[in-house]
Amino acid sequence: IKLDVEESIEEIVGASAELARKHHGMLVVIVRSTGIRTFVDTGTPLQARISKALLVSIFNPRSPLHDGAVVVHDRIIEAARVTLPLSQTSTIGDTVLGMRHRAALGISEQADVIVVLVSEETGKISITDNGILIRGLTTQELRHELYTRLSLMPQKSAKSVWKILKSQQ
């Protein structure tokens, strides 16, 4: 894993934990290979080095930038208040998905990104990747998922590591 990706993961995990505790919503898009310039251009350009403090302040409900998504590429927050496409999926099982979850799914269906989100209603941390939503992650599980999905670790071994991690709980 490149050092800048590792730094970004740690800052995002830290911010997720704090925002989840406060029940403040969060939506962070981590760009892997394909750029999402058309969506980034809908937001407020930042070009700022990622930090937990910056993410927590952006997603403070009183911040003018808290609505919408933050887009991260390597160690840089490219923009905040980014508008994302909504997924056509509006429910999973009995659960009705809110706008934040539909936006996270929507962008992950259209681009090579991972999205980390925190529900302001439940305080739960989730990720979307390739149109799949994984909900209710602990901070340790979030960290593991991000390291796995952003590294060159083959998916097969990633899944077995995940099973081992789950069995130790």
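View 1. The backbone oxygen of Thr-148 lies 3.2 Å from a polar atom of the Ser-151 side chain. The model shown here is predicted. Ser-151 sits in the loop between helix 5 (139-150) and helix 6 (155-167). Ser-151 counts as buried because its relative accessible area is 16%, and the cut-off for buried is under 20%.

View 2. Seven strands form an open sheet in the order 2-4-3-1-7-8-9, with mixed pairing. Strand 2 and strand 9 are the edge strands, each pairing on one side only. From one strand to the next, the twist averages 20°. Strands of a sheet pair through backbone hydrogen bonds, either parallel or antiparallel.

**View 3. Helix 4 and what covers it.** Helix 4 (residues 99-110) has twelve residues. From first C-alpha to last, helix 4 reaches 16 Å, close to the 16 Å expected at 1.5 Å a residue. Its buried residues are His-101, Ala-103, Ala-104, Leu-105, Gly-106, Ile-107 and Ser-108. The cover over these buried residues includes helix 2 (37-40), strand 5 (91-92) and strand 9 (132-137).

**View 4. Strand 4 between strand 2 and strand 3.** Strand 4 (residues 76-82) is largely enclosed by the rest of the structure, because five of its seven residues are buried. Strand 2 (residues 44-49) pairs with strand 4 in the antiparallel sense, over four bridges. Strand 3 (residues 69-73) and strand 4 are also antiparallel, over four bridges. Ile-76 of strand 4 has Arg-49 opposite. Ile-76 is also the bridge partner of His-73. Two residues lie between the strands in the hairpin of strand 3 and strand 4, where Asp-74 takes a positive phi near 55°.

**View 5. The largest nonpolar core.** This core has 30 residues. Those with the most contacts inside it are Ile-12, Met-26, Val-28, Leu-55, Val-70, Val-116 and Leu-146. Elements giving two or more residues to this core include helix 1 (3-22), strand 1, helix 3 and helix 5. Helix 1 gives the most, with seven residues. Val-116 shows the local packing: beyond its neighbours within four places in sequence, its contacts include Ile-12, Met-26, Val-28, Ile-127, Leu-142 and Leu-146. A second, separate core of 18 residues includes Val-29, Val-40, Ala-111 and Leu-117. In soluble globular proteins, nonpolar side chains tend to be buried together.

**View 6. Val-56 in helix 3.** Val-56 belongs to helix 3 (residues 52-58). At 14% relative accessibility, Val-56 is buried. Leaving aside neighbours within four places in sequence, Val-56 is in contact with Ala-15, Glu-18, Leu-19 and Lys-22. Met-26 is 30 residues away along the chain, and its C-alpha atom is separated from that of Val-56 by 8.7 Å.

Conventions:
Residues numbered from 1 in each chain as written. Predicted model: local features only at pLDDT ≥ 70, side-chain atom pairs only at ≥ 80, totals over all residues. Heavy atoms only, no water. Buried < 20%, exposed > 50% of the residue type's maximum accessible area, 1.4 Å probe, protein only. Contact = heavy atoms within 4.5 Å. Expected span 1.5 Å × (residues − 1). Polar contact = N/O pair within 3.5 Å; in protein donor to acceptor, adjacent residues only side chain to side chain. Pairing = 2+ DSSP bridges. Core = buried A, V, L, I, M, F, W, Y, C linked by side-chain atoms within 4.5 Å. Axes fitted to C-alpha atoms, helices over the stretch in contact; angles between N-to-C directions.
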